[in-house]
Each structure stands twice: as structure tokens, then as C-alpha cells.
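Subject: Handover of a structure and notes on its features

Dear colleague,

Please find the structure below, together with its sequence. My notes follow it, and I would be grateful if you would read them with the model open.

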Amino acid sequence: ATQEEISTVHKVYRRIKEDYGQYFEFEKEPFVVDSRKSRGSAMRALRDRLVDLKHHALETCPEQPTVCQLIEDCLPEINQLAQKPMITKAEFRKLLQRVIQGSKELSDQYKPGAVDSLLSEEVLGEVLLYLTKLGKVVTFQTERLKDYVVIEPQWIYTVLVGRLLSKDPLPPPYVTYINGYADYAEMCRILATKHATGEEAVLVLDELGYLIVRLPRVMVITM
């Protein structure tokens with residue numbers, strides 16, 4: 001971002017604080033980050049601050065349910081086994097069972113029958129919703145994606161949204177659009193990765209409200 005753009009962000013932030021400061025708690029200064037630079041210093045500072053806020057929230061709220069803590073602790077290994085950012089809830093459950101069975105400590109604590117009853121469809125849905133609120137995963141309530149879970153939320157914002165919304169010059173591939181519209185086939189081709197199809201990527205962005213699919217074109221909502 002240019003210095004002028006950063007200055008504008010600070011002005012808008014101050015105005016929002018003046019208007020809504022009595023209703024919400026605000027940081028002293030806004031975090032200005034580039035969604036494509038996930039390892040940049042600004043992104044690290046934001047991530048560290050979010051971790052601090054999470055710990056504070058957990059300290060001041062009821063203790064995290066045991067099953068939620070169990071699944072959160074298993075997420076890094078589930079990500080490694082899945083090798084893709086979005087999987088079905090059935091796949092998630094199988095991978096979780098595999099992680100538990102591969103850990104002597106966990107397998108001693110949770111026998112196969114206990115895992116089956118503990119992670120029924122109803123319980124797993126509630127746990128994933130809880131982890132969604134913590135920002136650990138992303139789940140959907142709509143019919144089209146209710147059976148899926150994004151186990152790497154950064155995929156949405158660094159890979160998909162970064163390519164879709166950035167106005168800065170980017171190395172290809174990146175999405176180009178005219179008057180708010182892009183070609184559906186081109187967008188699917190550009191957003192596709194070795195871990196997720198372009199159709200899946202567009203569907204996720206559609207569900208999150210970043211665009212509206214009107215074949216053969218796509219209308220980009222946020223610019």
C-alpha cells in the first residue's frame with residue numbers, strides 16, 4: 001500500500017472510533033496488511049495480536065470443552081494428512097480418528113468406541129462451529145457447503161481473496177474484471193490450485209459474499 005492509502009486508512013479508522021467508540025473496544029492503531037504476504041512483519045504483528053485476544057477471551061469465558069480442545073490440538077496433523085484446504089466433514093472425522101489412533105497418549109485416552117460416540121454428526125457439527133468462532137476452521141450453514149469444512153482459513157484470504165480483490169500489480173495469475181464482472185471460466189482457471197479446484201474456490205467466495213455467480217460471468221461484490 002502507498003503512504004497515501006495508509007494515511008486514508010488511519011483517517012477512516014479514527015472516524016469510526018469517534019462514531020462507535022462508546023459501543024466497541026478499538027485498537028490504538030489499525031493494522032494495515034497485504035493479504036498476499038502472509039509472512040510479512042505486519043501480518044505477524046496482526047497474528048500475534050489476535051492470539052493475545054484469543055487467550056484473553058478464553059481466560060475470561062467458561063473453560064473450553066474437552067472435545068473442542070482435543071480437536072483443536074489435532075488440527076495441525078489433520079492439515080498435514082489432508083494436503084488440501086477444504087475437505088468434507090466425513091473426511092475430517094476419518095482423519096481425526098487416524099490422528100487419535102496414531103497417538104499412544106490419545107489412543108489410550110479415547111478408545112475407538114468412545115471416539116465414535118464422542119464425534120457423532122451432531123457433536124462434530126457443534127465442535128466445528130465452536131472452532132469456527134475461534135478462527136481455527138471455517139464452516140458453512142448453507143445447503144451447498146454445509147458438509148464441508150475449510151481446515152486452512154488462510155487459503156481463503158491469502159490465495160483466493162488476495163487474487164480477487166487486490167488492485168496492486170500482481171505477478172500472474174490474478175483475476176481481471178471489467179465494471180465489476182469477470183469471466184467464470186477464467187476465474188475458475190486462475191483460482192484453481194493443486195489442492196482445490198477453481199469451482200470449489202468460486203463456490204466458497206460466493207458463499208462468503210465476495211461475488212455472485214451469474215453464468216457465464218461473475219460479479220465481484222467487494223473491491
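Helices in these notes are DSSP runs of H or I with at least four residues, and strands are runs of E with at least two, numbered from the N terminus. The model is a predicted one.

Surface patches

With helices named in that way, Glu 126 belongs to helix α7, which covers residues 121-133. The residue is exposed, because its relative accessible area is 53% and the term applies over 50%. Glu 126 is also part of a negative surface patch, which it forms with Glu 121, Glu 122 and Asp 147.

The aromatic pair

A search of the whole structure gives one aromatic pair. The two rings are those of Tyr 13 and Phe 26; their centres are 6.0 Å apart and their planes stand at 80°, so the arrangement is edge-to-face. Tyr 13 is in helix α1 (residues 3-20), whereas Phe 26 is in the loop between α1 and α2 (41-60), so the pair ties together parts that are 13 residues apart in sequence. The two partners may also be described by their accessibility. Tyr 13 is buried, at a relative accessible area of 16%, while Phe 26 is partly exposed, at 29%.

Salt bridges

How many salt bridges does a search of the whole structure find? The count is seven, and several of them are described here.

Helix α1 contains both Arg 15 and Asp 19, which are four residues apart, or about one turn of the helix. Their side chains meet in a salt bridge with an N to O distance of 3.2 Å. Arg 15 is exposed, with a relative accessible area of 53%, and Asp 19 is partly exposed, with a relative accessibility of 36%.

A further salt bridge joins the side chains of Lys 136 and Glu 72, at 3.5 Å from N to O. This pair links distant parts of the chain, since Lys 136 is in the loop between α7 and β2 (138-139) and Glu 72 is in helix α3, 64 residues apart. Is Glu 72 buried or exposed? Glu 72 is buried, because its relative accessible area is 12% and the limit for that term is under 20%. Lys 136 is partly exposed, with a value of 29%.

Glu 143 and Lys 146 form another salt bridge, in which the closest N and O atoms are 3.2 Å apart. Here Glu 143 is exposed, with a relative accessible area of 61%, and Lys 146 is partly exposed, at 33% relative accessibility.

Backbone geometry

Two points of the backbone deserve mention. Most residues other than glycine have a negative phi, and most peptide bonds are trans. Gln 83 has a positive phi, near 60°, although it is not a glycine. This residue is in the loop between α3 (66-82) and β1 (86-88), and Gln 83 is exposed, with a relative accessible area of 55%.

The peptide bond that leads from Leu 215 to Pro 216 is cis, and its omega is near 5°. Pro 216 is placed in the loop between β5 (211-214) and β6 (217-220).

Separations along the chain and in space

Two further pairs are described by their C-alpha atoms. Thr 193 and Lys 84 are separated by 109 residues in sequence and by 9.4 Å in space. Thr 193 belongs to the loop between α9 (184-191) and α10 (198-207), where it is partly exposed, with a relative accessible area of 28%.

For Asp 116 and Arg 93, the C-alpha atoms are 9.3 Å apart, and the two residues are 23 residues apart along the chain. Asp 116 is part of helix α6 (residues 112-118) and counts as partly exposed, at 39% relative accessibility.

With kind regards

Definitions and conventions. Residues numbered from 1 in each chain as written. Predicted model: local features only at pLDDT ≥ 70, side-chain atom pairs only at ≥ 80, totals over all residues. Heavy atoms only, no water. Patch = residues over 30% accessible without salt bridge, like charges linked within 9 Å, V, L, I, M, F, W, Y side chains within 5 Å. Areas by Shrake-Rupley, 256 points an atom, 1.4 Å probe, with all protein chains shown as cover. Salt bridge = Lys/Arg side-chain N within 4 Å of Asp/Glu carboxyl O. Lys, Arg positive; Asp, Glu negative; His and termini not counted. Charge placed at Lys NZ, Arg CZ, Asp CG, Glu CD. Buried < 20%, exposed > 50% of the residue type's maximum accessible area, 1.4 Å probe, protein only. Phe/Tyr/Trp six-rings, centres within 6.5 Å; stacked < 30°, edge-to-face > 60°.
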